[in-house]
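I opened this model to look up its surface, its cores and its side-chain pairs. The entries follow in the order in which I made them.

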Amino acid sequence: MSKPFVKLNRADFLQTPIWEWVSDDGSGVNSELADESHVQPTAFAEIPLVPFGQFIVSSVVDLKSGASMPGIAEVTVANGDISVHPSVVFLLDRHLQIPGVETNRLLARFTKTAENYPVTWRLCVNNHGESSPRSGSIQGGDMKDLVAAGLEALLALKALRR
């Protein structure tokens with residue numbers, strides 16, 4: 001049964017760790033209410049090596065403080081290449097986008113730790129043919145660095161106008 005992506009919660013991933021976007025391929029699998037914002041559970045125990053697929057996969061997001069929280073990664077498989085993009089960390093059952101200033105503020109408040117933000121991710125399932133789940137760093141977690149770089153660029157532009 002499909003459901004809107006924004007209504008996915010932690011319990012959904014305990015039952016089914018891999019979901020996929022509902023496609024409009026004329027197969028009649030979709031309900032009339034489903035559109036491109038809907039996902040459906042899969043029967044896959046690991047991420048399959050298909051010619052092309054986009055999956056929503058259960059993950060764990062580690063914060064700067066060392067705490068771990070459940071999350072979601074978007075996994076794209078295309079012509080044998082696999083790319084993983086961590087996209088959501090769950091705060092209770094609320095989706096917080098990665099990276100995000102509001103995400104960082106809410107995580108810091110919830111964990112009662114100053115400047116707490118996502119720093120790493122790891123999938124909860126393996127890719128087909130791999131012995132362990134993929135993991136990686138989250139770039140741009142510290143939004144202060146991004147804001148500082150943007151401010152420096154604006155100041156440089158302002159100096160050029162003079």
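**Surface patch**

I began on the surface, where Leu154, Leu157 and Leu160 form a nonpolar patch with about 350 Å² of accessible area together. The model is predicted, so I kept to its limits: local features need pLDDT of at least 70, side-chain atom pairs count only at pLDDT 80 or more, and totals for chains, interfaces and linings use all residues. Residues are numbered from 1 along each chain as its sequence is written, and side-chain values use heavy atoms, with hydrogens and water left out.

For patches I took residues with over 30% relative accessible area and no salt bridge, joining nonpolar side chains (Val, Leu, Ile, Met, Phe, Trp, Tyr) within 5 Å and like charges within 9 Å. Areas come from the Shrake-Rupley method with a 1.4 Å probe, and for residues only the protein chains shown count as cover. Leu154 is placed in helix α3, residues 143–161. Helices (H or I, at least four residues) and strands (E, at least two) are DSSP runs, numbered from the N terminus. Is Leu154 buried or exposed? Leu154 counts as exposed because its relative accessibility is 55%; the classes are buried under 20%, exposed over 50% and partly exposed in between (1.4 Å probe, protein chains only).

**Nonpolar cores**

I next looked up the cores, meaning sets of buried Ala, Val, Leu, Ile, Met, Phe, Trp, Tyr and Cys residues joined through side-chain atoms within 4.5 Å. In the largest one, of 22 residues, Ile47, Val57, Val75, Val84, Val89 and Leu123 touch the most other members. Two or more residues each come from β4 (52–63), β5 (68–78), β6 (81–91), α2 and β8 (118–123). Another core of nine residues lies apart from it, and includes Trp19, Ile56, Val88 and Phe90.

I then picked Val75, which lies in strand β5 and is buried at a relative accessible area of 1%. Leaving aside neighbours within four places in sequence, its contacts (heavy atoms within 4.5 Å) include Ile47, Gln54, Val57, Val84 and Leu123.

**Aromatic pairs**

I counted four aromatic pairs. Rings of Phe, Tyr and Trp (its six-membered ring) pair if their centres lie within 6.5 Å; planes under 30 degrees apart are stacked, over 60 edge-to-face, and the rest tilted. Phe13 and Phe90 make a tilted pair, 6.3 Å centre to centre with 50° between the planes. Since Phe13 is in helix α1 (residues 10–15) and Phe90 in strand β6, the pair ties together parts 77 residues apart in sequence. Phe13 is buried at 7%, and Phe90 is buried at 2%. Ring pairs also bring Trp19 into a cluster with Phe13 and Phe90.

**Salt bridges**

I found five salt bridges, each a side-chain nitrogen of Lys or Arg within 4 Å of a carboxyl oxygen of Asp or Glu. Lys3 meets Asp12 at 2.8 Å, N to O; Asp12 is buried at 11% relative accessibility.

Arg10 and Asp93 form another, with the closest N and O atoms 3.1 Å apart. Arg10 is in helix α1 and Asp93 in the loop between β6 and β7 (94–97), 83 residues apart.

In a further bridge, Asp62 and Arg122 have their closest N and O atoms 2.6 Å apart. Asp62 is in strand β4 and Arg122 in strand β8, so the pair ties together parts 60 residues apart in sequence. Asp62 is buried at 16%, whereas Arg122 is partly exposed at 33%.
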